[in-house]
Amino acid sequence: VGIFAIQMARQNRRCRVIALEPFPENFKYLEANVARACPENVTCCEVALGAEFGKGQMQTAGSRSLDHVLRLDSAAADGVPVIPLGGLFDLASTEEIDFLKVDIEGSEHAVFAAASPDLLGRFKRIAMEYHDQIVPGTLELLRGVLNPTHEIIVRPSKMEGCGILLARRRDLKK
């Protein structure tokens, strides 16, 4: 856990990486791995991305980390904080984010459906897994909300209904 965050932080020691992990067990591994590898430029946050601010519960639907599902539950006393995409800018204390990697196992539909074009335009580059097999129509929604501000490349995986979506803000040079 944290392999991507650690790789990015090591490749550019001047960059700041904010790694979100809402599942408590995985968060402990993330913190330990980052502390050993590159603690100076990675901040670990036990937070989930959602459509709006609130609280949620991480539920295990299988034995793999990709089987963890966020269930919104504002009454959950021990729940994890949930923030929308706009909350990332406050978390990072910045107006623009150079690169956003999203791997939220089906929640990407709700998260990006709630984002405005102005907000999405504040992300220079985005790489995310999409999961049409979990929430049908996700890829179509992502294309629709990102197309006004970003050039999009879609790389379907061998597993039907999912893949990688890459987006680069239209004003950036190739």
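**Exercise 1. Work out what the R169 salt bridge connects in this predicted model.**

Start with the contact itself: R169 pairs with E96 in a salt bridge, and their closest N and O atoms sit 2.7 Å apart. R169 belongs to strand β10 and E96 to the loop between α3 and β7, so the pair ties together parts that are 73 residues apart in sequence. Now check how covered each partner is. The cut-off for buried is under 20% relative accessible area. R169 comes in at 10%, so R169 counts as buried. E96 has 35% and is partly exposed.

**Exercise 2. Find out which residues are in the salt-bridge network around R169.**

The network links E96, D98, K124, R169 and D171. Zoom in on one of its contacts: the side chains of D98 and K124 meet in a salt bridge at 3.1 Å, N to O. D98 is in strand β7 and K124 in strand β8, so this pair ties together parts 26 residues apart in sequence. Another pair to look at is E151 with R168, whose closest N and O atoms are 2.6 Å apart. E151 is partly exposed, at 30% relative accessibility.

**Exercise 3. Describe the surroundings of the F89 ring.**

The whole structure has 2 aromatic pairs. F89 and F123 make a tilted one, 4.9 Å centre to centre with 50 degrees between the planes. F89 lies in helix α3 and F123 in strand β8, so the pair ties together parts that are 34 residues apart in sequence. Then check burial: F89 is buried at 2% relative accessible area, and F123 is buried too, at 0%. Last, look for a charge: R122 lies over the face of F89, 3.8 Å from the ring centre. Elsewhere, K101 lies over the face of F4, at 5.3 Å from the ring centre.

**Exercise 4. Pick out the residues that touch the most other members of the largest nonpolar core.**

This core has 26 residues, and L85, F112 and L146 touch the most other members. Elements giving two or more residues to this core include α4 (108-113), α6 (138-146) and β10 (162-169). Now follow L146: leaving out residues up to four places away in sequence, L146 touches F112, L120, I126, M128, I152, L165 and A167. Finally, there's a second, separate core of 11 residues, with I6, V17, F27 and A37 among them.

Notes
Residues are numbered from 1 along each chain as its sequence is written. This is a predicted model: local features need pLDDT of at least 70, side-chain atom pairs count only at pLDDT 80 or more; totals for chains, interfaces and linings use all residues. Side-chain values use heavy atoms; hydrogens and water are left out. A nonpolar core is a set of buried Ala, Val, Leu, Ile, Met, Phe, Trp, Tyr and Cys residues joined through side-chain atoms within 4.5 Å. Buried means under 20% relative accessible area, exposed over 50%, partly exposed in between (1.4 Å probe, protein chains only). Helices (H or I, at least four residues) and strands (E, at least two) are DSSP runs, numbered from the N terminus. Contact means heavy atoms within 4.5 Å. A salt bridge is a side-chain nitrogen of Lys or Arg within 4 Å of a carboxyl oxygen of Asp or Glu. Rings of Phe, Tyr and Trp (its six-membered ring) pair if their centres lie within 6.5 Å; planes under 30 degrees apart count as stacked, over 60 as edge-to-face and the rest as tilted. A charge sits over a ring if NZ of Lys or CZ of Arg is within 6 Å of the ring centre and within 35 degrees of the ring normal.
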